[in-house]
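Here is a short tour of one protein model. Look it over first, then follow the notes below.

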Amino acid sequence: MKLLPTFAAPAALALALSAAAQTTTTVTVHPGDLRQEFQGMGCGAIFYEAHITSLGANGRAAEQEKLYDDMFKNVRTDLLQVMIRHDHEPRNDNDDPYTPAFAPEHFDYCRHPLEIAAAAKKRLPGLKLHAVLYTPPPWMKTNNDPSAGGKARATIKPGLDLEVGEYIWAFLQHMSRKGQPIDYLSICNEPDWEHDQPGYFLTGERHAELFKTIAGYLDEMARRHPEVPNPKLVAPNMLSAVDTSERFLPMTLAAAGDQVDIVGNHDYDRRGHRWAKMRQVAGDRPVWVTEYCFNGRDESPGLIRSAGEFWLAMTEAFNDGVNVWMAYDWVYPPRQGGEALIHVGWGREYTLTKIYHGFRQWCAPLRPGMRVARSEVTGQFASGISQAGVKASAFRSADGRTLVVHIAAVQDPDADLEIRLGAPFDNARARLWRTSREEDAVELPSQPLSSGLLTTRLPGRALLTLRLDLPSGTP
């Protein structure tokens, strides 16, 4: 908008213009200003894998297949995270970590991730598996228990680092033999905080040392056993992206930078532009958000408030340099929290939450190889980092002919939007989808842009997705 010089504008006109600016939220996308490559979306099958398979186990084969369709046919993802539990070596197999001798019956828990992975790849043939060790078996730990020990900070007993490597490799071998080789691996899960969940604690120095030892062990086992694929390593997989960028990641890179294939971390410390900082420290390595959920109590219909927190986290991550984003868990039992996309009542029924529908809408138009395009939000509901308000992110296809824009209202009031798109999409036609309190990834009537402008009202707590395709013959 071109404003008149202040000396020529009456006071009433100036006030009117100011009021209009305050009641409109403008999303501006710059399709020519491209940032990092988008490499994928993912989600985990972690603590409640048996809930995922419980429908079939309860004789409900049709419902089980429908659940798998909702997870992997109706949602386009690229990664499935699975959990390495503490079960498959209840006592030391022998004293030589390079000669594994594990009993097959101790891998019984793997039947669930194996079934889930097979169902996923049947529907998404290109999907990759990311395995995470939550905790080694109790006999390897200072508290002799699966728990991370809370303030006692349970960790690995001295001299057992190679045994941890052997334990991980045995899982890799088992999954590979069963037809589901692991593509990516993290050796720990949130070892930077005191908690009582399955896990183990590591200081920055200890993590760097352990990571280097295990990476070297896995390389040696790959040489000895080429039939077992050696996964790419994702590290350090801490809880706090802020602390990771400042302390854990520099230590790990200094100790074993050539072994860190991907920089990955959770997003539960949402201070500042944490991903921009991590992007800087990571160098040319891909940066992944390896876990996010909203685990506060949520009484909103369908967990719509939790869904908004997911959208906020996704937009911030991609705008600040992330290549891959992974939600925490596909399935939890029914609850009033935003940890999972789907709620499964054991062996009976399941419910798709608003988190699920928004995630489905977000993933549908995105393909690896796209590039993040710069976008900005100004006006009434513009807000700071990790604060409520209107959020936006944009992605342009590798051939330049498709633009996808996600706009989320992470607040209760409706927002009057001006969406401004630069060339060459300034006169394209937009297809629109919306998830809101009343809608589940519903396609809306398409709208043409006029000189790069589209106006609409976005309901509070809603996600709007635009896809614009250049007509054939357009340069």
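## A bridge between two strands

Start with one residue pair. Asp-416 has Arg-457 in β21 as its bridge partner. The model shown here is predicted.

Strand β18 covers residues 415-421 and is joined to β21 by 6 bridges. The strands β18 and β21 run antiparallel. Strands of a sheet pair through backbone hydrogen bonds, and the pairing can be parallel or antiparallel.

## The sheet

Where do β18 and β21 sit in the sheet order? The open sheet has 9 strands, in the order β20-β19-β22-β17-β16-β15-β1-β18-β21. Its pairing is mixed. β20 (442-448) and β21 (453-458) stand at the edges. Each has a single partner strand, so one side of each lacks a neighbour in the sheet. From one strand to the next, the twist averages 25°.

## Helices across the sheet

α10 lies across β1 (25-37), β15, β16, β17 (402-410), β19 (429-435) and β22 (463-469). It runs at about 50° to β16.

Helix α11, residues 354-363, lies across β16, β17, β19 and β22. The angle of α11 to β19 is about 165°.

## The largest pocket

How many residues line the largest pocket? The lining has 20 residues. Nearest the centre of the pocket lie His-273, Asn-319, Ser-375, Lys-391 and Ala-392. The volume of the largest pocket is about 360 Å³.

Several elements named above return here. α10 (304-319), β15 (371-379) and β16 (389-396) each supply at least two residues of the lining. β15 gives the most, with 6 residues. By class, the lining of the largest pocket has 8 nonpolar, 6 polar and 6 charged residues.

## A helix pair

Two packed helices are described by the angle between their axes and the distance between the axes. Helix α8 spans residues 241-256, and helix α9 spans residues 274-282. Their axes come within 9 Å and cross at roughly 10°. That makes α8 roughly parallel to α9.

Which residues of α8 and α9 meet? On the α8 side they are Ala-241, Val-242, Thr-244, Ser-245, Leu-249, Pro-250 and Leu-253. On the α9 side they are Arg-274, Trp-275, Lys-277, Met-278, Val-281 and Ala-282. The residues of this contact divide into 9 nonpolar, 2 polar and 2 charged.

Methods:
Residues are numbered from 1 along each chain as its sequence is written. This is a predicted model: local features need pLDDT of at least 70, side-chain atom pairs count only at pLDDT 80 or more; totals for chains, interfaces and linings use all residues. Side-chain values use heavy atoms; hydrogens and water are left out. Axes are lines fitted to C-alpha atoms, for helices over the stretch in contact, and angles run from 0 to 180 degrees between N-to-C directions. Helices (H or I, at least four residues) and strands (E, at least two) are DSSP runs, numbered from the N terminus. Angles under 35 degrees count as roughly parallel, over 145 as roughly antiparallel, 65 to 115 as roughly perpendicular and the rest as oblique. Contact means heavy atoms within 4.5 Å. Ala, Val, Leu, Ile, Met, Phe, Trp, Tyr, Cys and Pro count as nonpolar, Asp, Glu, Lys and Arg as charged, and the others, Gly among them, as polar. On a 1 Å grid over the protein atoms alone, a cavity is a set of points where a 1.4 Å probe fits but cannot get out, and a pocket is an open set with protein on both sides within 12 Å along at least five of seven lines; lining residues have an atom within 4 Å of a point. Grid points are joined across faces, edges and corners, and a volume is the space filled by probe spheres set on the points. Two strands pair if DSSP finds at least two bridges between them.
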